[in-house]
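Student: Please take one part of this model and examine it closely, setting it against the chain as a whole.

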Amino acid sequence: MLESINKIIDRIEGFAMILLMLVATVVAIVQVIARYVFNNSLSWSEETILYSLIIMSFVAGSMGVRYAAHICVEVLPLVVGPRLQMVLKYIAALLGVAFALTIVYYGGRLFLNTLKMGQLSPAMRIPVAYIYLIIPVSGFSMLLRYLWIVESLIKHKEYKPLAMDISST
């Protein structure tokens with residue numbers, strides 16, 4: 001079940017990254033054209049690009065779990081036996097679960113507190129809480145992925161991260 005959920009998350013994150021990169025790029029180009037060709041600046045462009053980059057960063061955090069791209073100590077498993085290697089994999093996965101739960105909890109609190117305050121962004125006048133919503137959503141996505149890793153370890157299946165090439169999608 002977690003494997004099928006993981007595939008759905010892969011597709012959503014891939015589409016979100018493409019869309020956010022496209023938005024940031026197009027808005028930046030339009031802003032440059034507006035400023036230097038028409039001598040007029042878009043008041044909302046910097047904020048749009050900034051929020052796109054922030055959201056991309058959190059989506060990439062979850063993708064990093066899937067691609068096994070987060071920082072790790074690789075020399076320790078090489079110098080210990082296979083039994084201790086398995087223990088280290090469990091510890092790493094459980095620490096990942098704890099980290100993801102922390103992000104979900106505190107990100108959710110930040111979202112709810114900001115929503116309650118009704119804070120609006122300066123240029124676009126949208127609720128800032130909607131931007132903060134990516135924090136618990138990303139944490140939940142990470143949590144599902146770490147749980148999938150734990151499930152793989154329990155079932156004695158090797159976890160295969162996605163390859164970082166275009167053909168993997």
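Tutor: The protein exposes about 11200 Å², of which carbon and sulfur atoms supply 71% (Shrake-Rupley method, 1.4 Å probe, with only the protein chains shown counting as cover for residues). This is a predicted model, in which local features need pLDDT of at least 70 and side-chain atom pairs count only at pLDDT 80 or more, whereas totals for chains, interfaces and linings use all residues. Residues are numbered from 1 along each chain as its sequence is written, and side-chain values use heavy atoms, with hydrogens and water left out.

Buried within H1 are Leu2, Asn6, Ile9, Glu13, Met17, Leu20, Ala24, Val27, Gln31 and Ala34 (buried: under 20% relative accessible area, 1.4 Å probe, protein chains only). These buried residues pack against helix H2 (45–66) and helix H6 (134–154).

In the whole chain, there are 6 helices and 0 strands (DSSP runs, H or I of at least four residues for helices and E of at least two for strands, numbered from the N terminus). Of the 169 residues, 33% count as buried. Among contacts with a separation of 6 or more, 72% join residues 24 or more positions apart (contact: heavy atoms within 4.5 Å). The C-alpha atoms fill a box of roughly 65 × 40 × 30 Å along the principal axes.

Methods. Buried means under 20% relative accessible area, exposed over 50%, partly exposed in between (1.4 Å probe, protein chains only).
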